[in-house]
Amino acid sequence: ASRYLIDATYRRDGSSNFGANKLWTDTWSVGLAWNLHNEAFIGDWAKTLKLRAAYGNPGNNNQSFDTFLSYYYSTRYQNLFGLGAQISSYANADLDWQKTNDFTVGLDVALFDSRFSATFDYYRKMTDPLIIQIGVAPSTGKSSLITNLGRNTITGLTFKLDFRVLDDRERDLRWNINVHGYHETSVYSKIGNRLDRFNEELKNTSIRRYRDGGSASDIWTVRSAGIDPMTGKEIFIRKDGSYSFRYDSADEVVCGNTLADLEGVIGTNLYWKGFNAGAYFRYSFGGDWFNNELYEKIENIGRQADMYNQDKRAYYDRWKNVGDQARYRDISLYTPNNQTYPKSSRYVQKRDFFTGESITAGYTFYGSDWLKKSGIGNLSLNASLNDLFTWSTVKAEQGILNPFARALSLSVNMTF
């Protein structure tokens, strides 16, 4: 009994968020499951052993676009005949729905009278077409257009492990430990050279690029061989492996990826006769980080910045004399106002971290005589502490705009 399960859905949806020729789309999904624990050849060693698979296109209508030609009148464009009009949005009658084909295969396991349970999932999500905003000639009256372009494929693996360490019903004592984690990759394709202009615009402001075979989480910079001890200038590595003092954006390559090799949460909960406590910790290993705070405070400062407080490394750790083995360039070199120093791989750092996200504790009073006399049904006292600590391989200045906020909260809940 209950060995095989199947679930299927089909819908046809319409939305004016998309082009006049693409108002309707089909969404569907099919799911299968096999309860292996109900098979005779498995025996009774597993309480739950389920194999799952699902495939479908769930659809996406969470965006709102102006897909029709619209304009507005403005007092800025007065003429002999009245007010002038300016284009607000271009029409795109063929703007299609952003469709994602989602495939998932998973396994659910519960062993040792459910003292240990686990869930594993592998997924692959392919979004084709994407909906993006591309630039158009300003002479047309508008700088961008919403259109379909490219494909994004995301693959990943998630797991969830639960351990029921203690389960003593007589002493009303329970203790659980759980570990969650995931790994994910993302790849663009079918873009070609149609975003080259946009990528050129990004070179002065961003480390992101949109190219076939690339990822939204890639860090694009020119590789650096460090600071030359003789001159204090940075040595850049070209694509062909040669060295140069001159930065050339044509030599950009992928120098890191912000997605971690493994990221997740470790949690534990303890309950004993009305007392409860919990702790949750987040971990991440293998990801990269462009340390923008370090970049802006050490070298990317102009002469006017000398009048303000600066990171002490802007003086002590920069090159000063011939032969200095310094991490940062010649202290006499400064960045002209309204310009930025090139972002090289020197500021790309491996980012591993372990944080204490929250710790909670509380006590619930049940059926006490003094509660009954006071007319209170239940009373619970709770306390929580968030952002307790952070251990990280990246030393980044937080500042007053993004501080470590250790928040303590206390609460009292009563029912009458």
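Is threonine 127 buried or exposed? At 11% relative accessibility, threonine 127 counts as buried, where buried means under 20% relative accessible area, exposed means over 50%, and partly exposed lies in between (1.4 Å probe, protein chains only). This is a predicted model, in which local features need pLDDT of at least 70 and side-chain atom pairs count only at pLDDT 80 or more, while totals for chains, interfaces and linings use all residues. Residues are numbered from 1 along each chain as its sequence is written, and side-chain values use heavy atoms, with hydrogens and water left out.

Threonine 127 belongs to strand 7; strands (E, at least two residues) and helices (H or I, at least four) are DSSP runs numbered from the N terminus. The side chain of threonine 127 makes a polar contact with the side chain of threonine 100 at 2.8 Å. A polar contact is a pair of N or O atoms within 3.5 Å; within protein, one must be able to donate a hydrogen and the other to accept it, and residues adjacent in sequence count only if both atoms are side-chain atoms.

An open sheet of 12 strands has the order 1-2-3-6-7-10-11-17-18-21-22-23, with antiparallel pairing, two strands being paired if DSSP finds at least two bridges between them. Strand 1 and strand 23 (407-415) stand at the edges with a single partner strand each, so one side of each is left without a neighbour in the sheet. On average, and with direction ignored, neighbouring strands of this sheet are turned by 10 degrees against each other; the angles are taken between axes, which are lines fitted to C-alpha atoms, and run from 0 to 180 degrees between N-to-C directions.

| Strand pair | Bridges | Facing residues |
|---|---|---|
| Strand 7 and strand 10 | 12 bridges | Methionine 126 and threonine 153 |
| Strand 17 and strand 18 | 11 bridges | Glutamate 263 and serine 284 |
| Strand 18 and strand 21 | 14 bridges | Phenylalanine 275 and tyrosine 363 |

Strand 17 and strand 18 form a hairpin with two residues between them, and lysine 273 in the turn has a positive phi of about 50 degrees.

**Salt bridges**

Side chains of opposite charge can pair when their charged atoms come close. A salt bridge is taken here as a side-chain nitrogen of Lys or Arg within 4 Å of a carboxyl oxygen of Asp or Glu, and by this rule the count comes to 21 salt bridges.

Arginine 282 is partly exposed at a relative accessible area of 25%, whereas glutamate 263, at 18%, counts as buried.

Arginine 209 and glutamate 252 also meet in a salt bridge, at 2.7 Å from N to O. Arginine 209 lies in the loop between helix 1 (196-202) and strand 12 (218-221), and glutamate 252 in the loop between strand 15 (243-244) and strand 16 (253-257), so the pair ties together parts that are 43 residues apart in sequence. Both arginine 209 and glutamate 252 are buried.

In the salt bridge between arginine 11 and aspartate 13, the closest N and O atoms are 2.8 Å apart. Arginine 11 is exposed, with a relative accessible area of 52%, while aspartate 13 counts as buried at 18%. Elsewhere, Arg52, Asp108 and Asp121 are linked in a network of salt bridges.

**Surface and loop**

Isoleucine 6 is placed in strand 1 and counts as exposed at 67% relative accessibility.

Asparagine 38 lies in the loop between strand 2 and strand 3 (46-57) and is partly exposed, with a relative accessible area of 35%. The side chain of asparagine 38 reaches the backbone oxygen of serine 2 at 3.0 Å. Asparagine 38 and lysine 50 are 12 residues apart in sequence and 9.3 Å apart in space, C-alpha to C-alpha.
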